[in-house]
Amino acid sequence: MENLETLLNKQQYEAVVSNDKYLRIIAGAGSGKTRVLTYKIAYLIDNLQVKPSEILAITFTNKVAKEMKERIVKLINVNSKDLTIKTFHSFCSYFLRKEIYHNLGIPSNFTILDEDDQKNLIKQTCFFMKINKSDKIVEKAINFIRNEKGKGNYPADVKFNHDKDFSKLMEIFKNYELNKTELYCLDFDDLILRTIQILKTNMFTYKKWSNMYKYILIDEFQDTDDVQYELVRLLVGNDTNLVVVGDPDQTIYSWRGANQKIILDLGNDFHPLKSIVLNYNYRSTKNILETANKLIDNNKMRYKKDLITENSNGAEVECFKGFTKQEEADYVIKQIIKLKAENNDFSYNQVAILYRASYVTNIFENRLTMNKIPFVIYGGIRFYQRLEIKLALAYIRLINNFDDDISYLRIINVPRRKIGETTQNLIQEEAKRNKLSIFKYIDNIEKYDTTLKANTIIALQTLNSKIKEAKQNFDNEKKNKAGIIKKYLDDIGLTDYINSMEEDDDSNSRIGNLNYLIDELHTYFNESETATLDEYLENITLATAQDDLTNSDKVKLMTIHTAKGLEFDYVFVVCCNSDIFPSVKTLLEKPKEGLEEERRLCYVAFTRARKKLFVTCNSDYSFINSGNSTPSIFFKEAGLNINKPRQSQNTQIKRNTYNDMNKNLEDYKKSIKKLYENINDRKKDLNYKVGDKVQHKKFGVGKVIEIQDDILTIDFENEGIKKIIANHPSIEKIM
């Protein structure tokens, strides 16, 4: 490996060559933390002769893991297959494939449930408990189970609370766990929880794994949660060196358990702890960094540092406030067109539009389309979650595991086999009564008493035969496994079925997505002779939103959470309205810590920009001031002077002054709290569904055309399409 002192700055070099047993690297945005981790691993192998098998690196996404492997292979003579660089979940899956059968009796070819599969299994559990799927407790149970397991709890660990539905929720939780075990399935939380369970209960296994790695390196350590940290402490043996890299100022996932105190207080558990700060930013201009530094300096719970750079001052951070969301979107489009005209090397993939709340994207999509600017949205329906892909993967999972009831039920009537919901329920009941998977029950149905009709049995036994035939052909094929899968999907009628489906609003056709999946399988099996279908299915189940990112020449639209770890030449942080960013919900749920986390999120957004940063807002999105929103307090905290444009002649919205933003924060919080108390006191039915008619105090009568989380997309008769929070006091359902 080349001379490290010429390749790294002083702090980076110190971090790479440090031999401290416990090392914490506080790595600011754009300071080259992935570079440091990569060189650290290469240095350990090439200079200190540490075996690759003695090093475990944990990354935040599979994409980063793959990139790190590729970089290390270029630096030193090592086979990428010898490097163990994984996410927490993929490492635990790797561990469990080796250990779960001997320790817990669960077969090593267990199926991993994604969130959608988990939801379906909970609904199926409720069905067996004679709970109607439309009962409110079903959705409540889904959230209850996810929350408890996110805290590391199985049913036996849950503490009693006074919720009127607590007993029923616990019963559903227990039955869900039993059903999952019978199906040889694990959900995402199980991957880590079962790993911890085995390490804590089997001393032989614990000693083996706690002594396996001489070095454990963890990226994005600020986003580690309590359960993951418990796993880390179990894996770090007496002779293990621990290196963590992270930035407390970028802790933005507390809503899913990330605990900032873990990185800040690491020295309490691992001491003596050496800390090295990487604050030399290679990404952004001085003006962008000055803005970000001013903003984050308002936080109290942080490891104090300021980012510095030798980059030029660059363009001033540009701010804009539109009286309407249309004006804000038009401004963004105008700036993108201007950037393209002024920069010879411009490409659309250098541009990102970032937002705190996904429901604000509609107007930007509209204006981008009108101006023929190509764009792609991340954080919507991801590729592997698309209907046509889920159907194809269900068929593929069945040739990998006949006992996968979740997949079987997904495709049981696709293509149409005249097997309706009542018949499907009957099949589930009979299979469960005879303690068999649906596949095995249908295969041996002549041995049991059944009330299924003859045509149903024939249809499903024909389906089983095709699945078994495909599995045999797949197992026997050496060179063209993807071709076998394509033929299987064609023969079973799925390709024709997808071809006949109505297209969704995405630019890619459904059949085009299916062809892409086949091409991906072809590439996957051709890259390695040892590639397995099991491994492929696991990889896509554990994929994150960032793993879907491509370098296509399109403007990127995404939430700030999705943008974490990415960088773009030109960044627009949009809809920075007072009651969107910082999030009203976050401030109410966590009055003390919420504002600091929202500020960290804004800091992350600002530091994604390399060359120019734009921060915009409008007067439309307001849950407090009835369409008269003020700019976010983050403008003032970051030292940004917002423009005061002349009011358009075609708008009747009252002009807000910049001084509106300077009102006392406590008064602001009180007004938010009062609003939500009023909302919670309302007695009206908030269980909206697509097709419901609503009345809005300002916009009149409309129809619900889409529901995403608690955001309604409503087509108003006189005002067109608008997105409104479901429990907004201005709307009510009309019959």
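Predicted model: local features only at pLDDT ≥ 70, side-chain atom pairs only at ≥ 80, totals over all residues.

Residues are numbered from 1 along each chain as its sequence is written, and side-chain values use heavy atoms, leaving out hydrogens and water.

The chain holds 29 helices and 19 strands (DSSP runs of H or I, at least four residues, and of E, at least two, numbered from the N terminus). Of its 735 residues, 54% are buried (under 20% relative accessible area, 1.4 Å probe, protein chains only).

Now look inside. The largest nonpolar core has 70 residues (buried Ala, Val, Leu, Ile, Met, Phe, Trp, Tyr and Cys joined through side-chain atoms within 4.5 Å). Helix 27 (residues 594-606) gives the largest share, seven residues. F606 and V615 are among those with the most contacts inside this core. V615 touches F606, and its other contacts beyond four places in sequence include V317, F320, V573 and F635 (heavy atoms within 4.5 Å). Another core, of 53 residues, lies apart and includes I485 and F525.

Finally, find helix 9 (residues 188-201) and helix 11 (residues 226-235). Their axes come within 10 Å and cross at roughly 35° (lines fitted to C-alpha atoms over the stretch in contact; angles run from 0 to 180 degrees between N-to-C directions). Among the residues that meet are I192, I196 and L199 in helix 9, and V227, L231 and L234 in helix 11.

Technical notes: Buried < 20%, exposed > 50% of the residue type's maximum accessible area, 1.4 Å probe, protein only.
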